[in-house]
Amino acid sequence: MRICSLAVVGLSTAAVALSITKPDQAVLGNDNQDLYLVELGPGERRWIAEDEKWALKRAGVNFMDVTETRDLGLNVKRDVTVQFPNKPAYNDSLVPLLKELKQKNMHKNLEKFTSFHTRYYRSPYGAESSAWLYSKVNQTIQNSGAAEYGARVETFEHSWGQNSVIATIPGKSDKTVVIGAHQDSINLFLPSILSAPGADDDGSGTVTILEALRVLLESEAIIKGNASNTVEFHWYSAEEGGLLGSQAIFSAYEKEGRDVKAMLQQDMTGYTHKTIEAGEPESVGVITDFVNPDLTEFIKKIITQYCSIPYILTKCGYACSDHASASKAGYPSAFVIESDFKYSDNKIHTSQDKIEFLNFVNPFAKRDKHDKRAIIVFRFLTLFTWLLVFVVSILFNVKAPANGETIWDQNKAHPTPFSLNAETTSIYWLLLLMLQLGYLYCLFTFDAELVKVAANVGSHFIVHNLLTSAFILLWVHSLFWIGELMLVMNSFNLTSLYFRHLRTQPFIHIPVVTGPLAWNFVAVLSNGAAMVGAQSLAARILANVAIWSILLYGIFFMGAFKDHTIGFELAILSASLAIHQHGIRILALQWIFAVAIAMLLLAAALAISLPPIFGKELIWRRLDDDLDYEDREREPLLGNE
């Protein structure tokens, strides 16, 4: 398991290296600044505009923005020679800690961390995600009891709004070992507008060292300050802007004369697909250029001793992550990454850097891989059952079966307070079938990642198709009671699908998850009304109450998960209900209620969907709302321990 292995490295380095105060506030940069001084290599500097920064990153060129830290490392006078252990020590105390690393914690934290629209360091989301991270680190320290002995978390404030976060575990001396990752993310095309989940870059590193911190604080000796050195965990702001946060911190450390014995950076720790696709084994990438060779040699020994996968030596170029800031300040630094650098994740810096592409094992949701035989079975059954739904729904729209009625003739023959409009519902259904062609493309493509994601939901989609086909056949033959059973069974199937795959991409989520789920919920009401012959006055009154369940159903998903798609879908179906009910009774509460529900659902869906498009936060979401920092994901959805 890739991300857990890197947590082993972080924890082991922190614990083993132990045997070998908030910094002054740094104010960097100017929001109105036109030009920035960037360093492309040792001694190679030039002034560029901000847009040129992103052009460099799109071209794969690393740089440090040294506009406000031009003197970093220029006056290094101390002896930076550090003697690292010849071999890992303290195995008896460390090995039990390694067993406490939990994948489910990392998965849970990463789901929350990637739920922010972006973590771009100049955006409100960047400030909010940093505040959540601070709260999470503080909670970790408080829960461990380490605060009683001086452990603390503090923010290192920056002018752009997103703070760096520093957790400190005091030791017997002020000599310090630093474990770092960067917390910001970026979409290089429109940083201020487009989403940037940053799951791999560097949400993965962020949660990896967060879990290492949690486990390290389970050691009573560490908590009580009995380690030889002080340990700090750093989460840097604005790495994507040119290592801004880490430069500010190490510039302050340099000026204060801080004695940093070692700094280990973890940037991108969760992606292995390209490595496996190339037929090579999983491994920990150990960066060998622009790092301290002695510390790097020690890291190689740590990996060999404690990790279940080997290391591979690789290079990433000048200033490729925050360890470069430590090196420039004269501190020994090292850098580990998810793989050989040539197999790095090409989805970083885009809206597709999502958690589902990382190597998490989650028996309740996504599998890491499916064998070829399983993929073949998924493809055959998915295509067959989808064609079955397509043929049955189209055929019985135009032709009645023997001893039955067409779908919409049946609707006319059994008018109820939940009968739907034929035209509107048919358009909804046809659009859904057309969108499902996109899902079929994902399943049949040669892109192994898309195939994996599509196959993860395959069993649920197949069951949905079979149950829906059975329902249509039962509906046209007036077998409403058995049809209702099919719909209820499908409700359980689709609801399970929804909660097991909360973060599925929109091109799968809409046609396979929410579209069928919304239709199935309304179909339960419509078929149920036909089943009991709901035409009496009492039945119509009850229907006037039951219709509001559509609104409550939509509000639940939009409120709990900010899922606007199901809001739009239920709004369309509510409008279909209103149109048909208006045709039955010109003056009736049922269609008036349906119109009101459709409008409320549409308004709520727009309120959720529109602000992120423009890079804005929802108006009711506040940065200082403690509830917003709590992870609302359900525990059974998480990965293995």
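Trainee: Why is Trp429 called buried?

Mentor: Its relative accessible area is 11%. Buried means under 20% relative accessible area, exposed means over 50%, and partly exposed lies in between, with a 1.4 Å probe and protein chains only. Trp429 therefore counts as buried. Before we go on, please keep in mind that this is a predicted model: local features need pLDDT of at least 70, side-chain atom pairs count only at pLDDT 80 or more, and totals for chains, interfaces and linings use all residues. Residues are numbered from 1 along each chain as its sequence is written, and side-chain values use heavy atoms, with hydrogens and water left out.

Trainee: Thanks! How many aromatic pairs are there, and what makes Phe233 and Trp235 a stacked pair?

Mentor: The count is 28 aromatic pairs. For Phe233 and Trp235, the ring centres lie 6.4 Å apart and the planes meet at 25°. Rings of Phe, Tyr and Trp (its six-membered ring) pair if their centres lie within 6.5 Å, and planes under 30 degrees apart count as stacked, over 60 as edge-to-face and the rest as tilted. Both values pass, so the pair is stacked. Phe233 is buried at 0% relative accessible area, and Trp235 is buried, also at 0%.

Trainee: And why are Trp429 and Trp519 called tilted?

Mentor: Their ring centres are 4.9 Å apart with planes at 45°, so the pair is tilted. Trp429 belongs to helix α14 (residues 422–444) and Trp519 to helix α18 (residues 506–532), so the pair ties together parts 90 residues apart in sequence. Helices here are DSSP runs (H or I, at least four residues), as are strands (E, at least two), numbered from the N terminus. Trp519 is buried, at 10%. There is also an aromatic cluster made of Tyr498, Phe499, Phe521, Tyr553, Phe556, Phe557 and Phe561.

Trainee: How do you know that Arg258 lies over the face of Tyr253?

Mentor: The distance from the ring centre is 4.1 Å. A charge sits over a ring if NZ of Lys or CZ of Arg is within 6 Å of the ring centre and within 35 degrees of the ring normal. Lys347 likewise lies over the face of Phe357, at 4.5 Å from the ring centre.

Trainee: What makes Arg45 and Glu39 a salt bridge?

Mentor: Their N to O distance is 2.8 Å. A salt bridge is a side-chain nitrogen of Lys or Arg within 4 Å of a carboxyl oxygen of Asp or Glu, so this pair qualifies. Arg45 is partly exposed, at 33%, whereas Glu39 is buried, at 3%. The whole structure has twelve salt bridges.

Trainee: Why does the pair of Arg122 and Glu50 count as a salt bridge?

Mentor: The closest N and O atoms are 3.6 Å apart, so the pair passes the rule. Arg122 sits in the loop between α4 (103–113) and α5 (124–144) and Glu50 in helix α2 (residues 50–58), so 72 residues separate these distant parts of the chain. Arg122 is partly exposed at 25%, and Glu50 is partly exposed at 22%.

Trainee: Which residues do shared partners join into one network?

Mentor: Let me name one more pair on the way: Arg214 and Glu218 meet in a salt bridge, 2.9 Å from N to O. As for the network, salt bridges that share partners join Glu39, Arg45 and Lys328.

Trainee: How do you know that Cys316 and Cys320 form a disulfide?

Mentor: Their sulfur atoms are 1.8 Å apart. A disulfide is a pair of cysteine sulfur atoms within 2.5 Å, so the pair meets the rule. The structure holds one disulfide. Cys316 is buried at 8%, and Cys320 is buried at 11%.

Trainee: What makes the buried residues of α3 line one face of the helix?

Mentor: The buried residues of helix α3 (residues 91–98) are Leu94, Leu97 and Leu98. Seen down the axis of α3, they fall within an arc of 100°, so they line one face of the helix. The arc is that of the directions from the helix axis to the C-beta atoms.
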